[in-house]
Each structure stands twice: as C-alpha cells, then as structure tokens.
Amino acid sequence: MTPDAFSSLATRLSPAVKSHRVLDTVQFRLGGRAFATLGWPEAGRAVVKLSLKDQAAALALSDAVSVDASRPRNSGLTLIRLERIDDDAMAYILTAAFSEAYAKAARSQPARGRAATLGVG
C-alpha cells in the first residue's frame, strides 16, 4: 500500500470525505471528525480511529497493524505500516474507521441537519 493508494481509498469512501493537510500529515474527515491520518507518526504510516471491536479485527488481519501504545488502551487508535499491509485489509480498516466516524457524527447532529452536515442524502 502506498500513501497515494491510501489517500485514494479514503477519499473514495464518500463524497463527504474531506482531506485536510496538517503539517506533514493529511487528515481524512467526515463531518468535521478525523477518522484517518496519513503520515502519522511518521512517513509511510497511518493512524485510524476504530471501535474496539474493529480494532481487534484489524489486529488479526495483518502484522502491519498495531495499537497506539502512547494512547489509553481503549482509545481505538490503530497504527498501520503502509508498506506491509495489503489493499484488501486496508480497505476493510478504512471502511470500518469511516463507519465509526459516520455513526459518531450522525449521533451528534440534530435529525434535520444530519444529511446536510455529513454531505449525504
């Protein structure tokens, strides 16, 4: 998996996904919530925010996946070594991170404003 392929996967999840440069990284956001960051903690890596259930599944998929040890154990922050992960596993992980962000963004919006805020509907 290359950084360009990661970016392409993340932005193809939905027209509502926006990329945002932050220093040497690129964040992928949905409704103002970052669900993935490319280039963190260093080039060639990414971090995604998963539910604990999805994090456990991701850890079982590949040895390129690890828990961010600098964060609380139940944070769901998951590190990816891009050069060691295959495209299918990364697609699964990004989809799970997107779904988690979508669910959280939807819960935080009033019913009338959800579709507009999330760029869907």
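Q: In this predicted model, what makes helix 2 (residues 52-61) roughly antiparallel to helix 3?
A: Helix 2 and helix 3 pack at an angle of about 170°, and their axes lie 10 Å apart. Angles over 145 degrees count as roughly antiparallel, so helix 2 is described as roughly antiparallel to helix 3.

Q: Which residues of helix 2 and helix 3 meet?
A: From helix 2, Asp54, Ala57, Ala58 and Leu61 take part, and they meet Ala89, Tyr92, Ile93 and Ala96 in helix 3. By class, this contact of helix 2 with helix 3 comprises seven nonpolar residues, no polar residues and one charged residue.

Q: Why is helix 1 (residues 3-12) called oblique to helix 3 (residues 87-108)?
A: The angle between helix 1 and helix 3 is about 40°, with axes 10 Å apart. Roughly parallel requires an angle under 35 degrees, roughly perpendicular one of 65 to 115, and roughly antiparallel one over 145, while the rest count as oblique. Helix 1 is therefore oblique to helix 3.

Q: Is the crossing of helix 1 with helix 3 left-handed or right-handed, and which residues meet there?
A: Helix 1 passes helix 3 in a right-handed crossing. Phe6, Leu9 and Ala10 in helix 1 meet Asp87, Met90, Ala91 and Leu94 in helix 3. The contact of helix 1 with helix 3 has six nonpolar residues, no polar residues and one charged residue.

Q: How do you know which strand gives the largest share of the lining of the largest pocket?
A: The largest pocket holds about 200 Å³ of space and is lined by 14 residues, with Gln27, Thr37, Trp40, Val47 and Leu77 nearest its centre. Strand 2 (25-30), strand 3 (33-38) and strand 4 (45-49) are the elements that each give two or more residues to this lining. Strand 3 contributes four residues, which is the largest share. By class, the lining has eight nonpolar, three polar and three charged residues.

Q: What makes the peptide bond from Trp40 to Pro41 cis, and where is Pro41 found?
A: The omega of the bond from Trp40 to Pro41 is near 0°, and the bond is cis. Pro41 belongs to the loop between strand 3 and strand 4. Most peptide bonds are trans.

Conventions: Residues numbered from 1 in each chain as written. Predicted model: local features only at pLDDT ≥ 70, side-chain atom pairs only at ≥ 80, totals over all residues. Heavy atoms only, no water. Axes fitted to C-alpha atoms, helices over the stretch in contact; angles between N-to-C directions. Left-handed = near helix turned anticlockwise from the far one by under 90°. Contact = heavy atoms within 4.5 Å. Nonpolar A, V, L, I, M, F, W, Y, C, P; charged D, E, K, R; others polar. 1 Å grid on protein atoms, 1.4 Å probe; cavity = no way out; pocket = protein on both sides within 12 Å on 5 of 7 lines; lining within 4 Å. Points joined across faces, edges and corners; volume = space filled by probe spheres on them.
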